[in-house]
Amino acid sequence: MKTAHPSNLEFQVLSILWASTGATVHEVWNQLPDGKPRAYTTVLAVLQKLEQKGHVRKKYQGRSNIYFAKKTRGVTVGRYLHDLVNQVFHGRPADLIEQILSRVTLTPGEAKAVAGMLRVPEGSQSVRATQQNQTTMAVKKKAAAKKAAPAKKAAPAKKAAAKKAPVKKTAAKKAAPAKKAAPVKKAAPAKKAPAKKAAKKAAKKAGKK
């Protein structure tokens with residue numbers, strides 16, 4: 001069974017237990033980091049809830065219960081950050097780091113230390129874990145999207161309509177009408193001398209004889 005993550009107030013209580021070798025309810029009540037006034041019974045209820053979640057154990061000593069953190073800060077916070085990166089920042093730890101750095105002011109020494117931590121050698125365990133985590137998240141997102149999206153019916157294959165090249169109608173060239181041969185001119189009939197003139201000529205010739 002997965003242990004539930006601590007709430008904001010529960011993390012404050014745990015921070016006190018991580019910094020000590022055990023603390024009573026009264027000691028935790030006096031050292032809460034945010035300094036807000038809270039009832040003693042509220043802090044007692046928080047410790048009891050942390051015990052139920054598996055984060056805290058208690059030991060009866062003298063007349064008081066001493067509370068101890070069952071898991072180290074690295075384990076508890078590491079699991080919390082792992083889920084935070086996956087669920088809130090979609091598997092991108094760089095986005096979480098950017099968010100954190102945008103909300104705090106680092107001293108030059110802290111900035112240098114952070115820069116050194118970010119220079120992770122290629123192939124290291126943290127890099128491999130990050131790459132594996134991103135791959136897992138990508139696969140999960142793809143599967144979820146596929147499940148949510150309605151199955152699309154395969155579009156029927158369109159029959160490639162054979163494009164018939166439009167047959168160009170060769171415009172039948174109309175044969176140019178044959179030129180009509182020029183009509184043959186009839187030879188003008190020889191003009192016949194009128195009979196009278198011929199007779200006169202004949203008579204003249206006879207008189208001369």
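Predicted model: local features only at pLDDT ≥ 70, side-chain atom pairs only at ≥ 80, totals over all residues.
Threonine 24 is in contact with Ser64, Asn65 and Ile66, leaving aside its neighbours within four places in sequence. Threonine 24 sits in the loop between helix H1 (8–18) and helix H2 (25–30). With a relative accessibility of 15%, threonine 24 counts as buried, because buried means under 20%.

What does alanine 23 touch, not counting residues up to four places away in sequence? The list is Leu17, Val28, Asn65, Ile66 and Tyr67. Asn65 and Ile66 are contacts of alanine 23, and they are contacts of threonine 24 as well. Along the sequence, alanine 23 and tyrosine 67 are 44 residues apart. In space, their C-alpha atoms are 5.4 Å apart.

Now step back to the whole chain. The protein has 209 residues, and 17% of them count as buried. Its secondary structure comes to 8 helices and 2 strands. In sequence order, the pattern reads α-α-α-β-β-α-α-α-α-α. The protein exposes about 18,100 Å². Carbon and sulfur atoms supply 60% of that area. Contacts can also be sorted by separation along the chain. Take the contacts between residues at least 6 apart in sequence: 49% of them join residues at least 24 apart.

Is valine 13 buried or exposed? At 1% relative accessibility, valine 13 counts as buried. Beyond its neighbours within four places in sequence, valine 13 is in contact with Val28, Leu32, Val46, Leu47 and Leu50. Val28 is also touched by alanine 23. Valine 13 and proline 33 are 20 residues apart along the chain. Their C-alpha atoms are separated by 8.5 Å.

Helix H3 covers residues 40–53, and leucine 44 lies in it. Leucine 44 has a relative accessibility of 25%, so it counts as partly exposed. With neighbours within four places in sequence left aside, leucine 44 is in contact with Val25 and Tyr67.

Which of the elements gives the most? H4 does, with 4 residues.

Charged side chains come into view elsewhere. Side chains of opposite charge can pair when their charged atoms come close. How many salt bridges does a search of the whole structure find? The search finds 4. Three of them can be visited in turn.

Aspartate 34 forms a salt bridge with arginine 38. The closest N and O atoms of this pair are 2.8 Å apart. Aspartate 34 is partly exposed, at 30% relative accessibility. Arginine 38 is partly exposed too, at 21%.

Glutamate 51 and lysine 58 make another salt bridge, with 4.0 Å from N to O. Glutamate 51 has a relative accessible area of 30% and is partly exposed. Lysine 58 is partly exposed as well, with 41%.

A further salt bridge joins the side chains of aspartate 95 and arginine 92, at 2.7 Å from N to O. Aspartate 95 counts as partly exposed, at 26% relative accessibility. Arginine 92 is partly exposed, with a relative accessible area of 40%.

Technical notes: Residues numbered from 1 in each chain as written. Heavy atoms only, no water. Buried < 20%, exposed > 50% of the residue type's maximum accessible area, 1.4 Å probe, protein only. Contact = heavy atoms within 4.5 Å. Areas by Shrake-Rupley, 256 points an atom, 1.4 Å probe, with all protein chains shown as cover.
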